[in-house]
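Subject: Structure handover

Hello,

Here is the structure for your files. My notes on it follow below.

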Amino acid sequence: MGGWRDMPVEALEEQYSPSRWSPRLGRDTIIQAHLAATAAGTQWARAGTRTSLHVPYGSGDGEKLDIYFPADPSGTFPVLVYIHGGYWQCLRGIYLCGHSAGAHLAAMVLSTDWTEYGVAPDIKGAVLVSGVYDLEPILHTYVNDALNMSREVAQRNSPMLCISPAAPAAAACEVLVAVAQHDSPEFRRQSQEYSQALRAAGWSVSLLDLAGVDHFDIIEKLSEDSYVLTQVILNMISRA
């Protein structure tokens, strides 16, 4: 069938190991540098705004979220829900943003028929950054050593396989699929094919190929006002 199915295991694992593709740092240091950058960004954000930290949304130890309030929290304001990556080892006017495995989870939110749960979230937009949208290749890599996914579970939780024709509310949801120049060819392929599939199903979607960044600093740079992805997200929210 071609593509990832014809790759040796070693080559497939390399494709789904983002740390091997950064031109900035070696594979042994890029993860630590990314953790340090995101930790510094978190401290900067917390120092400049009112927060409510470690708010539980479930019963698990890791099921907590941090809430950052605007400078003027009175009245109504849009909400951006950010879901971090890490291969899953971790109302009104809602915007979703997810990176890596977090982009997969945000895409699954878009794929869910929320009427089955008796709710109708008003999702205005979604920004999916360097995500994985077809989980089957993951089954054949080291990533699945910890996840232990079966083929059935992978297919059931693959946004690429859960796309339905956009309902009127979904058609009004603006979806941005962003991918880094220095993401692996497999990550880039998945972003391109997922955005094409969404468009074919009637979703309002665009693909943003960001030059000069890798799987990690594509999201680290969101703290920079002049960064193109920062500007795109702010413009998306301001248009609502």
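Contact here means heavy atoms within 4.5 Å. The model is a predicted one, and everything that follows was computed from it.

By that cut-off, and not counting residues up to four places away in sequence, Leu110 touches Leu96, Ile123, Ala126, Cys173, Val175 and Trp203. Leu110 belongs to the largest nonpolar core, which has 18 residues. Leu110 is among the members that touch the most others, along with Leu96, Leu128, Tyr133, Val175, Val177 and Tyr194. Two or more residues of this core come from each of S4, H3, S5, S6 and H7, and H3 gives the largest share, 4 residues. There is also a second, separate core of 16 residues, with Val127, Val129, Leu229 and Ile233 included in it.

Next, the aromatic rings. The structure holds 3 aromatic pairs, and I describe two of them here. For Trp114 and Tyr117, the ring centres are 5.7 Å apart and the planes are at 55°, so this pair is tilted. Trp114 is partly exposed, at a relative accessible area of 29%, while Tyr117 is exposed, at 57%. In the pair of Tyr133 and Tyr194, the centres lie 4.4 Å apart with the planes at 10°; planes under 30 degrees apart count as stacked, so this pair is stacked. Tyr133 sits in the loop between strand S5 (123-129) and helix H4 (143-147), and Tyr194 sits in helix H7 (residues 185-200), so the pair ties together parts that are 61 residues apart in sequence. Both Tyr133 and Tyr194 are buried, and both are in the list of core residues that touch the most other members.

One other ring has a charge over it: the charged end of Arg50 sits over the ring of Phe69, at 4.2 Å from the ring centre.

On the strands, S6 (residues 174-180) pairs with S7 (residues 204-210) in the parallel sense, over 7 bridges. One of the bridges joins Ala180 to Leu210 in S7. Between the two strands the chain passes through H7, and this β-α-β crossover is right-handed. H7 is also the helix that holds Tyr194.

The end of S4 comes next. His99 is in strand S4 (residues 94-99). Is His99 buried or exposed? Its relative accessibility is 4%, and buried means under 20%, so His99 counts as buried. Leaving aside neighbours within four places in sequence, His99 is in contact with His34, Tyr82, Ile83, His84, Gly85, Val129, Ser130, His215, Ile218 and Ile219. Of these, Val129 is included in the second core.

Ser100 lies in the loop between S4 and helix H3 (101-111), and Ser100 is buried too, with a relative accessible area of 5%. What is the phi of Ser100? The value is near 60°, which is positive in a residue other than glycine. Most residues other than glycine have a negative phi. Asn148 is another case: its phi is positive, about 55°, although Asn148 is not a glycine. Asn148 is found in the loop between H4 and helix H5 (151-156). Whereas Ser100 is buried, Asn148 is exposed, with a relative accessible area of 66%.

Regards

Notes:
Residues numbered from 1 in each chain as written. Predicted model: local features only at pLDDT ≥ 70, side-chain atom pairs only at ≥ 80, totals over all residues. Heavy atoms only, no water. Buried < 20%, exposed > 50% of the residue type's maximum accessible area, 1.4 Å probe, protein only. Phe/Tyr/Trp six-rings, centres within 6.5 Å; stacked < 30°, edge-to-face > 60°. Lys NZ or Arg CZ within 6 Å of the ring centre and 35° of its normal. Pairing = 2+ DSSP bridges. Right-handed = clockwise from strand over helix to strand, strands pointing away. Core = buried A, V, L, I, M, F, W, Y, C linked by side-chain atoms within 4.5 Å.
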